[in-house]
Each structure stands twice: as C-alpha cells, then as structure tokens.
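Have the sequence and the model open as you read.

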Amino acid sequence: MTVSTYAEHAEHAAQALNALIRNDVIPADEHAVDQLLHCREAVVDALRQRLYDVGQDSWYPPPDHLPARTPKPMLAGLDEKLASLVDNIAFALPTLMLDERRPHADYLTPASEDPTVESWRTAAIELLSASHALSAAEEQPWRTDPGAGWWVMRDVAVALEAVLVLDSRLDEVGLLAEHQRPEFAMGLDEKRMVLSQTARVATWHATSASPEEATPRLRQAVPSTVVEPVSLVSTPDDLAAAQRRLARFLRPMHASDAFYADEPEITADSARQVTASQLHLCRVFAEAAGQSAKTRMFAAFFTERAEVLESLQPQISHLSDVKADQEPNMRRFWQQSELTTAVARMEDHGVPIRLQPTQMVELAKATHEATHNLGKALRRELLRGNSNLIDANPRHREGPVRVGRRSRLETTLTDLVSMPAPSEPVARFSNPLQRAALQQTLNLTPTSSPGTPTPFPAARSATYGGPAF
C-alpha cells in the first residue's frame, strides 16, 4: 500500500480546477447544484486549512466564519503584506449558512453524472487530501522555512484565484446569493491582482520544494525509515533527511530554554568528528553535483563550504575539554556516523550519488543547516564565560588558553556561520505541469466586467514653463 504525496493531490486538484475554468457550464438540476455548492464549500475549507497550517496563529476561526479584517491595501510595500491579504481574501469568501452544511461524506462519496459537479467533487477531494498531507506530515519545514512556505503559498494563491473566477460565474446566476459574505474592501479585480502577484513573488522566493513529498504518514514502500533518534541512509535519496536530522541535533540551546542545564553546547571530540565528516561529505556532494549539467551550479556551493571546513579543521585539532564529561548529545555522533558510513558504503559498492535537481536543492539546504548549526554551537561554546573548551596547543608557553574574540578560530567560525544558504528559486528545477497549466489558464481568463480597460495613459496637463511636445 502506498500513500499519495501532497504533489500528487495538488496536481489532480489543479487539473480539475483547470477543467472547470475552461468549461464554463453550470448544471440546471437542483440536486446537482446542491452537491456542487457543498463541494465548493469543501474546496474553500481546504484552502483555509492550508493557510492556517502555514501561518503562525494559534487559533482557527470558528465555524461561523467571522468577517475578516477589511484591508485597505496600497501599492507601497505590497509584497510585505501579501500573505496577510491572501489570508483575508480566503476567509472573506462566501460560505454556506451553518444549518445548511453537511458532513463531507454526504456529498463527496457519491459520484455525479454531471461532469461539472464531478470536477468540483474531484477538486474538493484532492484539495482536502493535499491539506491533510501537510497537516499530518511528520516533518513540516514549511512552518519555519520561508523557502518552503512560499512553495505552499504559491499553490494556495493560484487555487484561490481559480475559486474567485468560478465564484464570479456562480454569482452571475444567483447561486451564491444566500451565502454568508463578509464586507470586503477589494473587488474581484483587486483580489486577482493580489493573488497573481502572490504567486509571482512566491515563485521568486520558493527555494525548497520539500512540501511536494509530504505525506500524512511514512510511505511503507520506502526501504529506509527513521529509527529514533537516527535517520537511516540506504540510498542517496535519504541523504538530505539525514543531514536535516543532524542539523537539528547540532542546534544550540538558549540559556532561557527550560531544558538548558548549563551543559556544554558541544565537546571537542564532537566538533572534530562533525567537522571532518562534513568536510568529506561536502567534497563528495560537490563531485556528485558536477556530474550533471542540471545540478552543476551546486558544485561551487559545496566546494566553498568544504574550503571553510578545511581551514577550520587544523584550528580545532588541539581543542580540549576542561571537564572530560560525556558528550551531552550522543545523537550527533550516531547521526554523523550513519551519514559517513553510508556514503563510504555507496562508494565501496559503486553506487553513484545521482540526485534530481530538486533533491540536490534539498541536500544543499540541509548541508547548510548542518554546517551553520555546527559553527554556531562551537562559536557559542568557545565564547561563553564558563566555556568547557580550551586551546591546548603546545605552542602556548603558559599552557592551555581560552579562545577569545577576533582570534583566528573565532573568525573562521564566523565565516562558516555567515555563509549564505542556497537561494536559487526551486521553480527553475521543478514546475509541476498541471499547476503551471492552471496558472496559464488564469492568465488568459479575463474578469467579467461591464467596461473594457484602456491601454492608453491619461493625458497630462502641461505646466507653465515646461517643455512642449
């Protein structure tokens, strides 16, 4: 048994919405119209749920759908407000009265003979399934990583614009006349402008396609699994997940954290092991990226990171612990050992590390997180007042010394922490076919309006003393 991913559900939903926009047909049968309106309600609920999952709010609007805040958008600084405007547009959509709503199974289970209703039913099922895949996924990087969050926001904006276009057609024949609809400052044209701009901005800033592989539970068909607390690596596809798990273990704790007991952030042995292993992995990943023209741009990313790690390695060779306590987080040892041995095993068995461009993007982002957290944890431990690390290099005549600010080691760690994350828009490597087709259809579908806009700018009045034309 296999579980469909978010990408598969999103593609099927986009295909259904595209068919609805291209085929401007509304059923006349009363029963078909009732099923259509309830399927539309499920589509709206699915998009609202996805916005709730991406957002940082700790509450979900009650079932009566209170009116959204009426925004008065201005073009200045519009991109900074897009996410909030999309949220407001979604929660201001017309909705059925509470006493008219029925359980999803009542209208999503029976198939319809009407092709329009069947397309609405398919869109509702697939959008609900896609939102559930994000809500119930074990790993949810789109909640914290803006690069992954923009990927989800792009899908929401495109689907929401499609619903607005379809709603305008239903409104023309009065099918939404008895729905609840909060007062809203923007008209249909303004809403579509905001949503199309959101999709465009999301395409620019979406640097991770990790939501595509989200599932409500682990795939049983995948041979690798996660044995807590280590993420096992059996194929090259598992490298990014293992690197992300290591990055989580390397993340330093804040002094204000309730679980922080003033223990060392990282020990000398752990710093040396992770540094040496990440140096080897970066070299291997750089070689693997250079084997394909589509991923060759990432070879420089891994090479630059390897150069900094290579410079760091001899500088920490003489680090020593003041108190030779056990490593506070042994999971770092286990996860890094799993990564290193797995790559060595692949090399011994002649298994090439060949990844798709989107997978290479995820590996680069995960490697950035791991090396970034390594540098941050080691730098914080070296510079704190009661640090457990000292420089025991024999060249110091007075014995071991503390590592101070503006030292060579601190400068190298600062360089490592400051290295930028991959910023290439992932849409250059992944452009889902059905969602791209839906976006293209929306670009070619004008809004029904009584007047036709003019392409000619208004004439300017000449000012006194100004140049004449």
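This is a predicted model: local features need pLDDT of at least 70, side-chain atom pairs count only at pLDDT 80 or more; totals for chains, interfaces and linings use all residues.

The crossing of α9 and α12 is left-handed, a label used when the near helix is turned anticlockwise from the far one by less than a right angle (clockwise would be right-handed). Residues are numbered from 1 along each chain as its sequence is written, and side-chain values use heavy atoms, with hydrogens and water left out.

**Two helix pairs**

Back to our pair: α9 covers residues 268–289 and α12 covers residues 357–383, and they pack at an angle of about 155° with their axes 11 Å apart. Axes are lines fitted to C-alpha atoms, for helices over the stretch in contact, and angles run from 0 to 180 degrees between N-to-C directions. So α9 and α12 are roughly antiparallel to each other; angles over 145 degrees count that way, under 35 as roughly parallel, 65 to 115 as roughly perpendicular and the rest as oblique. Among the residues making the contact are Val-274, Gln-278 and Phe-285 of α9, along with Leu-363, Thr-367 and Leu-374 of α12. Contact means heavy atoms within 4.5 Å. By class, this contact has 11 nonpolar, four polar and no charged residues. Ala, Val, Leu, Ile, Met, Phe, Trp, Tyr, Cys and Pro count as nonpolar, Asp, Glu, Lys and Arg as charged, and the others, Gly among them, as polar.

Now look at α3 (residues 78–91) and α6 (residues 146–172), which pack at an angle of about 40° with axes 11 Å apart. That angle makes α3 oblique to α6. Their crossing is left-handed. On the α3 side, Ala-83, Val-86, Ile-89 and Ala-90 meet Met-153, Val-156, Leu-160 and Leu-164 of α6. That contact has eight nonpolar residues, with no polar and no charged ones.

**A residue inside α12**

Ala-366 sits in helix α12. Is it buried or exposed? At 2% relative accessibility, Ala-366 counts as buried; the term means under 20% relative accessible area, with exposed over 50% and partly exposed in between (1.4 Å probe, protein chains only). Leaving aside neighbours within four places in sequence, Ala-366 touches Ala-240, Gln-243 and Arg-244.

**Charged pairs**

How many salt bridges are there? The count comes to 22, taking a salt bridge as a side-chain nitrogen of Lys or Arg within 4 Å of a carboxyl oxygen of Asp or Glu. Here are three of them:

| Salt bridge | N to O distance |
|---|---|
| Glu-212 and Arg-435 | 2.9 Å |
| Arg-283 and Glu-310 | 3.4 Å |
| Arg-379 and Glu-410 | 2.6 Å |

Both Glu-212 and Arg-435 are buried. As for Arg-283, that residue is partly exposed at 43% relative accessible area, and Glu-310 is partly exposed at 44%. Arg-379 is partly exposed too, at 27%, whereas Glu-410 is buried at 9%. Elsewhere, a network of salt bridges links Arg-40, Glu-41, Asp-45, Arg-101 and Asp-167.

Definitions and conventions
Helices (H or I, at least four residues) and strands (E, at least two) are DSSP runs, numbered from the N terminus.
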